[in-house]
Amino acid sequence: PSASPPGAKRDGLTGPGARLPQRYAFVRFDGTRAYAHPSDYFRNDYSEALGKGYGIVITGEQVYEGVEFIRTRRYLWIERGSVHFVDGSPFTGEKLRHGEPLDVAWVSPRPAKLFATPNGRARKRLDRHQAVRIESSRGAWSQLAGGGWMRNADLARAGLVEPPEGVGPTDRWIDIDIDQQVLVAYEGRQPTFATLVSTGRNSKQSETPLGVFQIWAKLEYSDMDDIERTDVDKNYSIQDVPWVQFFKGSYGFHAAFWHNDFGRRRSHGCINLSPADARYLFQFSQPVLPPGWNAILPMPEDRPTAVQVRARD
């Protein structure tokens, strides 16, 4: 038996401080061919054809006969120019100190103006995803703690809510406001973390379910795809999506390293998080994944983290 501890090893292609635990790429062209060995490329003897947009894990690189290849997790080789690499969004949420008010908001869904007074002169433009602190609100306007006013319609604001029934005074739980596309993590009544998310698109096939749930599975990695579906225009397939937490069937939280559109609905129903936020919430929720484990199924005695998904109207 191996003397190494159980569990997956961190990929050597990712450097220290990397946003993602492995190196990921997406297929550029529909029908991209994958080969059992780089030499098969020159004979056009391929093992598999991949769809445009499919996400793969890169485990190695090699130059063979002057052509650059990358190796996938399934030990197949693809010509390097047929994929593009991704690092994931740099966006991160806001941690809150104990007793600190939940006054955080983000410029969303687009860059917006900061005004000297309501309906007054514009002072400057703030970038999308910039975090601000709210001092007070008046009608359709909010005054920022650092000075100036912004339209509420230009902000995604975290809102304080009461814990769901059954959540104890020290239990950890998570609230998702579908309308604002904002997530807040709590310990009892105390908010500890807030961030922007991307929930399911506003369609019958992609809506994120509303209600109060419990995390029933935590996985360090999980493949995600819909390649068995024939009722959609385009299928997706992504290997080893990291920091996955399911709370209702196949609906859950996970890192979405393929976009930086947090604050807008755009998923197939799951709750998309930036890599840093997905990692944080994976460590925040109960139970904690023991070292060397790839997955855990919470038991009632673990006090699994409650998840509340709500809409304001």
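This is a predicted model: local features need pLDDT of at least 70, side-chain atom pairs count only at pLDDT 80 or more; totals for chains, interfaces and linings use all residues.
User: Which residues line the largest cavity?
Analyst: Arg157, Ala158, Gly159, Asp175, Asp177, Val182, Leu183, Val184, Arg310 and Arg312. A cavity here is a set of points, on a 1 Å grid over the protein atoms alone, where a 1.4 Å probe fits but cannot get out; lining residues have an atom within 4 Å of a point.
User: Which elements give two or more residues to that lining?
Analyst: Strand S16 (172–177) and strand S17 (182–187), with the largest share, three residues, coming from S17. Strands are DSSP runs (E, at least two residues), numbered from the N terminus.
User: What's its volume?
Analyst: About 40 Å³, taken as the space filled by probe spheres set on the points, which are joined across faces, edges and corners.
User: New topic: what's the strand order in the open sheet of six strands?
Analyst: S8-S18-S17-S16-S25-S19, with mixed pairing; two strands pair if DSSP finds at least two bridges between them.
User: Which strands stand at the edges?
Analyst: Strand S8 (94–95) and strand S19 (211–214). Each has a single partner strand, so one side of each is left without a neighbour in the sheet.
User: And how many bridges join S16 and S25?
Analyst: Five, in the parallel sense, with S25 covering residues 306–310. Trp173 has Ala306 in S25 as its bridge partner.

Notes:
Residues are numbered from 1 along each chain as its sequence is written. Side-chain values use heavy atoms; hydrogens and water are left out. On a 1 Å grid over the protein atoms alone, a cavity is a set of points where a 1.4 Å probe fits but cannot get out, and a pocket is an open set with protein on both sides within 12 Å along at least five of seven lines; lining residues have an atom within 4 Å of a point. Helices (H or I, at least four residues) and strands (E, at least two) are DSSP runs, numbered from the N terminus.
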